[in-house]
Amino acid sequence: MSEICKNIEKIKVKLHDNIKLLAVSKTKSIDDILETYKCGQLDFGENKVQELTTKYESLPKNIHWHFIGHLQSNKVKYIAPFIYLIHSVDSLKILKEINKQAIKNNRIIDVLLQLHIGQEESKFGFSNSEIFLLFENEQFKNLKNIRICGLMGMATNTSDEKIILQEFNVLTDVFKILQTKYFKNKSFFQIKSFGMSNDYELAIDSGSNLVRLGSSIFGKR
Ligand SMILES: *Cc1c(COP(=O)(O)O)cnc(C)c1O
């Protein structure tokens, strides 16, 4: 078994049945991705549009491509035909553009709203108050070709587990409130995307059901 497959096997032991593993393949080669695909991994995450489209073109078409980076409006059109899930949606502007491109491609695009839970200013995402305002926005309510499937977040890059847990709890709290208020009986609103290589075990304990792992699968970037 290849090193990559062994890593995935080790990780899977720790994931419960209902937790999805996203292999974050940014900066990794086509060959690395193909090898990972051959171990049965179908979900891959990229954070650059150009890199993603190049990989999409050369790899098997049943791969589920996830976009996890900061997305610019003028680039949505390149991924709209095939993207499986966009995790990193952080403004009404980008939601409108995704909706527009979804219409052009005659499809509904699944997205997650990124919540700013970490302390770093550099991290993107809606604040708590912004996200609740969004749900009351009339333009937002009229976007029919996007489907909000849950929330995504990135905790502060720290070894202090208390801080990380606190931030994960903010995400699950906001998720619960939104679910109760806006997604009653809507089973598609169910994704909590948080946890990376350094904190995914804490994330699982906190209720994540989609972990995004790069270095623990492929080794250091
Ligand atoms: C790079 C990246 C990951 C994976 O990071 P690792 O530490 O390599 O597991 C997860 N999520 C996002 C948004 C990323 O940019």
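A disulfide is taken here as a pair of cysteine sulfur atoms within 2.5 Å. In this predicted model, the structure holds 1 disulfide. The bond joins Cys-5 to Cys-39, with an S to S distance of 2.1 Å, and this pair therefore falls within the 2.5 Å limit. The two cysteines come from distant parts of the chain, 34 residues apart. Cys-5 belongs to helix H1, which spans residues 3–14, whereas Cys-39 lies in the loop between helix H2 (30–38) and strand E2 (43–46). The torsion about the S-S bond of Cys-5 and Cys-39 is about -85 degrees, so the disulfide is left-handed.

The description now turns to the ligand. The ligand sits in the largest pocket. Its surroundings include Val-24, Lys-26 and Ile-68, together with the methionines Met-152, Met-154 and Met-196.

A backbone N or O atom of Gly-214 lies 2.8 Å from an oxygen atom of the ligand. For Ser-215, a polar backbone atom is 2.8 Å from an oxygen atom of the ligand. Arg-221 contributes through its side chain, where an N or O atom is 2.8 Å from a ligand oxygen atom. Each of these distances is within the 3.5 Å limit for a polar contact. On its own, the ligand has 390 Å² of accessible area, of which the protein covers 91%.

Conventions: Residues numbered from 1 in each chain as written. Predicted model: local features only at pLDDT ≥ 70, side-chain atom pairs only at ≥ 80, totals over all residues. Heavy atoms only, no water. Near = heavy atom within 4 Å. Polar contact = N/O pair within 3.5 Å; in protein donor to acceptor, adjacent residues only side chain to side chain. Areas by Shrake-Rupley, 256 points an atom, 1.4 Å probe, with all protein chains shown as cover. 1 Å grid on protein atoms, 1.4 Å probe; cavity = no way out; pocket = protein on both sides within 12 Å on 5 of 7 lines; lining within 4 Å. Sits in = over half its atoms within 2 Å of the grid points. Helix = DSSP H or I, 4+ residues; strand = E, 2+ residues; numbered from the N terminus.
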